Every structure is written in structure tokens, then in C-alpha cells.
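Please open the structure in the viewer and keep the selection tool at hand.

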2 protein chains.
Amino acid sequence: MEHIKRNERLSVISQILTSTPNIIHTYAEFCEKFGIAKSTVSEDIDFITEAFQKYRIGVVETLPGAAGGVRYRPYMSKEQMLSTLTDVAHKLSESGRLLTGRFLYSSDIASSPEITSRLGHIIAYKYYDNCPDFVLTMETKGIPIALMTAKALGCQLVVARRDTKAYEGSAVKINYMSGADSERIETMALSKRAIQSGQKALIVDDFAKGGGTLQGMVEMMRECQVEVVGVEVMISTLLPENKLCKDISSLLIMKSINRLNNSCEVAANEHYFD
Amino acid sequence: MEHIKRNERLSVISQILTSTPNIIHTYAEFCEKFGIAKSTVSEDIDFITEAFQKYRIGVVETLPGAAGGVRYRPYMSKEQMLSTLTDVAHKLSESGRLLTGRFLYSSDIASSPEITSRLGHIIAYKYYDNCPDFVLTMETKGIPIALMTAKALGCQLVVARRDTKAYEGSAVKINYMSGADSERIETMALSKRAIQSGQKALIVDDFAKGGGTLQGMVEMMRECQVEVVGVEVMISTLLPENKLCKDISSLLIMKSINRLNNSCEVAANEHYFD
């Protein structure tokens, strides 16, 4: 009978932890939910920790002390991450994705809940130790991947806009250069209510070519006295090599275009895990 | 020993099902993963099904036949859903959220991964039987809640834009009336690659006042010969009662504004579950 009840608890605790990445659950929460002693919760958590580790599906950690408890962080092995990135790169390299103007059609990938959630897990894993207060992105296409990264980090998403909006209140507005080979000035606005000085931001976007928008976000954070812990994109073009924003980390690299079958060569960034 | 292995499997299967809502996993997948017989997988699934049901955290269903397997759907009881909506309504009713121009500041709520994921579960639960092919939203603020709804439904997200974009290829572009009391004409564009005629769409957005944008999306779907299975918003204003889009279903109702403490009265829509 006891092991039947344990079965029940393990299923439920696994569901709760998986649904709330990087959120700390106290042992008391589970004691109350199941009417069991803390030592029994502790044994349950040990079982789950080992199972998740063995099958490489996540890291379950117990934090001691008054603010302690247990939390789950989605985890993929390096092989799993590389295989996920290679799959996405293959999709993006399909013929017909090259649009007029040398643009790559990637909106379906960039807004797929399944793909963005996997990519969000990969990005988040690098930043757990930095504890960002929010993930910052610029509207529009990067929102899904930024949201899924924020979900995995258990933090807030903040969206910068091209212009101020009446329904977002007072805003900070800056000018930035749109790209490395362009003299065009663009504007970026951020609601003052969305962030506080002294916080830490992780910048996430879907695409980097000149790096202007990313650099704009870096400058916006400087203006708001927010520390940037990293700059992450889904796809970065190989050229221009010198982008306006330094230290961009990219999951995928767009290497070249092929006009014969209207495709782009996109590959996993094998140095992502270095 | 056998029940230790079962413990392990139950934790892992629960994690896999929870991470991939509404996606069917075959029994063969689990047989291979754990090196066990189909009958043992079946017993494991029975344990998880009962545990999830008992603690009201989700519905695990077994589908017979060649295309069969097991899938998980996030589920909250009516009480849990109402309590979630009431919590969000309280947050939105905080003093100071009323902006100049009678706008409600809701961007922090509308882009919270935790809140949008709960609200996405609530919306998705109504539409599992309709099997939408995608969730449609209009940029920008509704994207997080639409994405989380699509994630719960295991389907794609499609984002309509205010204008065509070179990086989205050929588009369908329509004009629509911006609101019930306005003569202003707005435009909406949708990449032709994003959808196919004959599909089914669920429309999800963050806010409805006049209902013009929602009606624009309905007309866009008609133009694209896509069936609309529902129109869902996070917050709808009580007035105007006659909105341009009929049959809007809203999680929360914005009832009135209070200039004394710059707040809005927002309440859970108690008829949402009727």
C-alpha cells in the first residue's frame, strides 16, 4: 500500500516541478498536500532527482535553509542540445525559404511552441547562475523564444517596442543604429513600469545580422541602469563578422544562400556549448 | 526492486507527458526507453492517470488503435480556474494601473510566463475537442497568452501583423474598422506561408474594447478560408456592450475605472465556464 501511495506522489510531484521550472517549492507544500512527514517528502524528492538525472531530463535540486525547498531546471545533455539545434537548422535550410531581398522565412519556427520551448531550455541553462530578473526582447518575432526562455528561468519577460504606446505609460525612448552597414536611425521605447534600476537582464532575440537592434537593447539597459548578463539569438548571420553588438551568442548560424533552390544554409553553432 | 524501477519510470513519464501537452506518445516509445513490456507501460500509465485525476492536475488519456498512445492535457477544476482568474483580476485592479487616456497597464501580466501559462491552460481546455490547427493573434501584446494557449493545445502559433514584412514573404492584407465607436480604418497582414485554407483557427488576444481587431482577425480567416472555432481574450471591457466582434469569450471583465486611486475594477468572468 505504501509504495502505491509513493507512486501517486512521485507522479504528482514530477508534474508540479516540471510545470514550474526554476521555482522553489517548500517541503512544507508537499507535506500539506499529501499529509506526510518531511522525511517522506525528502525520500520522494531523492527518487525523482535520481530518475531525472538517470534519464537526463532535468536537474532537481534541494536548497537547504529557511528559504529552502526543491526546484527543477530543464536540462538536455550536450548531445541532445546539438541534435535539437541540428533538427531546427535542417528545417531552416529547406528549399523555398529564401525570400525576395535575401530574407530567410523563419516565422513558423520562431513561433512554434514546441521548438521555442526547447530552444528556451537550451538558452536558460547557461544563465541559471546569473539569476536574471527578466528576459528582454524587441517586438515582435523574438517574443516566443524570449518568453520560453523566461519561463524556463522562472523570471519575467519584458518587451521593448518600436515606439511608445499610450497603454504602457511613461517610457524611456532611445535612438539606435539599425545595422552595421546602415546609417539608418531607429527608435526603441520601453515602459518605465516594466523594469527597475539595479536589476539584471538577459537579452534574447530571434535574429542578428548587423546586430543593431541587439546593441540598441544593450544601450537601453545601460540607460536604465540594468546589468546585461548575456545576449542570445536564435539565428545569427555569418556575415558581417563585425556586428554592432559584441558578445552575441547564437544557437544557429546562417552561413550562405543558394539561389538555385531558394534556400539558406543554416547550421547548429557547434561552439555554442564552449 | 521492481517498485523502485516503477518509481523511476513514473517520475520520468510524468515529466515527459507534462512537458508536451496534448502530444500523443506511443506505448512503444516508453517500452523502448525503459526496456519493458507494453503491459508494464500500461500499468504505469494507469497509476499516473489516477494520480493526476485525484490531485486534479491534468487529464491523461489513452487512445486505442494504430495512431494510439497516451497524451496529457493540463486541467484545473472550476474552483482552481476561478481562483486563478480572481488572483489575476486583483493584480489588475491595483491602484496606479490606470494610465492617462483611460488605459489599463497590463503589460506585466500579459507577458508573465507563469500567468500566461495558467491562462493558456484555461483557454485551451475549452478547445481540445475542436482540434484547432493554430492559434491566431495580432501583434504584440497578445503573443504570450496566445503562445501558451498553443503550447497547451500542442498546435502552432500564427501572428498577424499591422503591415506586411519583407521577411515574411507574400501576404494577405485586409482593412478593418479599429473599434465600435471609431471610423478609423486599420490594416492587418498575414504571411501566406503561415496558414492553409481548410484549417481551423482559435483566435486569442489580450484585450477587447471595441472588438475591431478581433473582428479583423475573423475577417482575415474568412478571406483565407479558415474556420474560426473560437474568439478568446484575457480582458474585455464591459462597455461598449455591442462589440464589433460577436461571440467574444473573455476570462476577465474590466468593469469601471476609479480616478481617485487611478485603478480599474477588473473581475473574473464568472460566466466563462458556462
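Begin at the boundary between domain 1 of chain A and domain 2 of chain A, where the count of salt bridges (a side-chain nitrogen of Lys or Arg within 4 Å of a carboxyl oxygen of Asp or Glu) is 0. This is a predicted model, in which local features need pLDDT of at least 70, side-chain atom pairs count only at pLDDT 80 or more, and totals for chains, interfaces and linings use all residues. Residues are numbered from 1 along each chain as its sequence is written, chains are lettered from A and ligands numbered from 1 in the order in which they are written, and side-chain values use heavy atoms, with hydrogens and water left out.

Next, select residues 2–74 of chain A as domain 1 and 78–268 as domain 2; these bounds come from an automatic or database domain assignment. The centres of the two domains, taken over C-alpha atoms, lie 33 Å apart. Domain 1 contributes 8 residues to the contact and domain 2 contributes 10, contact meaning heavy atoms within 4.5 Å.

Now display the surface. The two domains bury about 760 Å² between them, 49% of it on carbon and sulfur atoms; buried area is the accessible area (1.4 Å probe) that two parts lose on being put together, summed over both.

Then select Pro21(A), Arg73(A) and Pro74(A): in domain 1, these lose the most area to domain 2, together 55% of what that side buries.

Finally, colour chain A by pLDDT, the predictor's confidence in each residue, from 0 to 100. The mean is 95, and 98% of the residues reach 70 or more.
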